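Student: I have the sequence and the structure open. Can we go through them together, one question at a time?

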Amino acid sequence: MSIALCLVALAGTTFQCSADTATFSVFAPDEAETANYMGNVLTLYSVTGDGEILSSSARISQVFDDMPNSLYIEMKSDEATIEFEISEVDMAAATARAAVTGVLPSGEVTAVPASCTISTIAREDTDA
């Protein structure tokens, strides 16, 4: 049995962010990538991070992409709803501000500010 391997490189912007003791990374595809995509564009965005910010079961549920000015990504899991808001994007300085807000099922809200560095790179997706 053979395994089909598909590699797709996406042009976009990566934000490497740190908040207190936690770190996370956000990828947003370029506008041309989302315009030409024939599927659920939410799958083109990604958020990775340590367990302190992001549970392994969290999935992207909503995106508002106003790049190069701002980006909002909402993720949901059984444990919480997590909102990532990236603003004050300065592409020339390669910096941005971010805020991470977590809402627990009990209604408890935790908000943490973060700072980010920006890089414009290609990302490779692998589907097996």
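**The core and its neighbours**

Tutor: We start from the inside. This is a predicted model. The largest nonpolar core has 28 residues, and those touching the most other members are Phe15, Phe24, Leu71, Ile73 and Phe84.

Student: Which strands each supply at least two residues of this core?

Tutor: In soluble globular proteins, nonpolar side chains tend to be buried together. Here the strands that each give at least two residues to the core are β1 (6-19), β2 (22-29), β4 (59-66), β5 (70-76), β6 (81-90), β7 (95-103) and β8 (109-127).

Student: Is Phe24 buried or exposed?

Tutor: A residue counts as buried when its relative accessible area is under 20%. Phe24 has a relative accessibility of 2%, so Phe24 is buried.

Student: With which residues is Phe24 in contact, leaving aside its neighbours within four places in sequence?

Tutor: Neighbours within four places in sequence are left aside here. What remains for Phe24 is a list of contacts with Phe15, Gln16, Cys17, Thr48, Gly49, Ile53, Phe84, Ala98, Val100 and Ala114.

**Aromatic pairs**

Student: How many aromatic pairs are there in the whole structure?

Tutor: The search covers the whole structure. The number of aromatic pairs found is 2.

Student: Are the rings of Phe24 and Phe84 stacked, edge-to-face or tilted?

Tutor: Planes under 30 degrees apart count as stacked and those over 60 as edge-to-face, with the rest tilted. The ring centres of Phe24 and Phe84 are 5.1 Å apart and the planes stand at 55°, so this pair is tilted.

Student: How many residues apart in sequence are the parts that this pair of Phe24 and Phe84 ties together?

Tutor: Phe84 is also buried, at a relative accessible area of 2%. Phe24 belongs to strand β2 and Phe84 to strand β6, so the parts tied together are apart in sequence by 60 residues.

Student: What is the angle between the ring planes of Phe64 and Tyr72?

Tutor: Tyr72 is buried, with a relative accessible area of 16%. The ring centres of Phe64 and Tyr72 lie 5.7 Å apart, and the pair is tilted because the planes are at 40°.

**Links between side chains**

Student: Which two residues form a disulfide?

Tutor: A disulfide is a covalent bond between the sulfur atoms of two cysteines. The count of disulfides comes to 1. With sulfur atoms 2.1 Å apart, the partners are Cys17 and Cys116.

Student: Which side chains meet in a salt bridge?

Tutor: The structure holds 1 salt bridge. Its N to O distance is 3.7 Å, and the side chains that meet are those of Glu88 and Arg97.

Student: Is Arg97 buried, partly exposed or exposed?

Tutor: Exposed means over 50% relative accessible area, buried means under 20%, and partly exposed lies in between. Glu88 is exposed at 58%. Arg97 has 48%, so Arg97 is partly exposed.

**Backbone details**

Student: What is the phi of Glu88?

Tutor: Glu88 lies in strand β6. Glu88 is not a glycine, but has a positive phi of about 50°.

Student: Where is Ala94?

Tutor: Ala94 has a positive phi near 60°, though it is a residue other than glycine. Its relative accessible area is 25%, so Ala94 is partly exposed. The place of Ala94 is the loop between β6 and β7.

**The whole protein**

Student: In what order do the elements of the protein run from the N terminus on?

Tutor: The protein has 1 helix and 8 strands. Buried residues make up 34% of its 128 residues. From the N terminus on, the order is β-β-α-β-β-β-β-β-β.

Notes
Residues numbered from 1 in each chain as written. Predicted model: local features only at pLDDT ≥ 70, side-chain atom pairs only at ≥ 80, totals over all residues. Heavy atoms only, no water. Core = buried A, V, L, I, M, F, W, Y, C linked by side-chain atoms within 4.5 Å. Buried < 20%, exposed > 50% of the residue type's maximum accessible area, 1.4 Å probe, protein only. Helix = DSSP H or I, 4+ residues; strand = E, 2+ residues; numbered from the N terminus. Contact = heavy atoms within 4.5 Å. Phe/Tyr/Trp six-rings, centres within 6.5 Å; stacked < 30°, edge-to-face > 60°. Disulfide = S-S within 2.5 Å. Salt bridge = Lys/Arg side-chain N within 4 Å of Asp/Glu carboxyl O.
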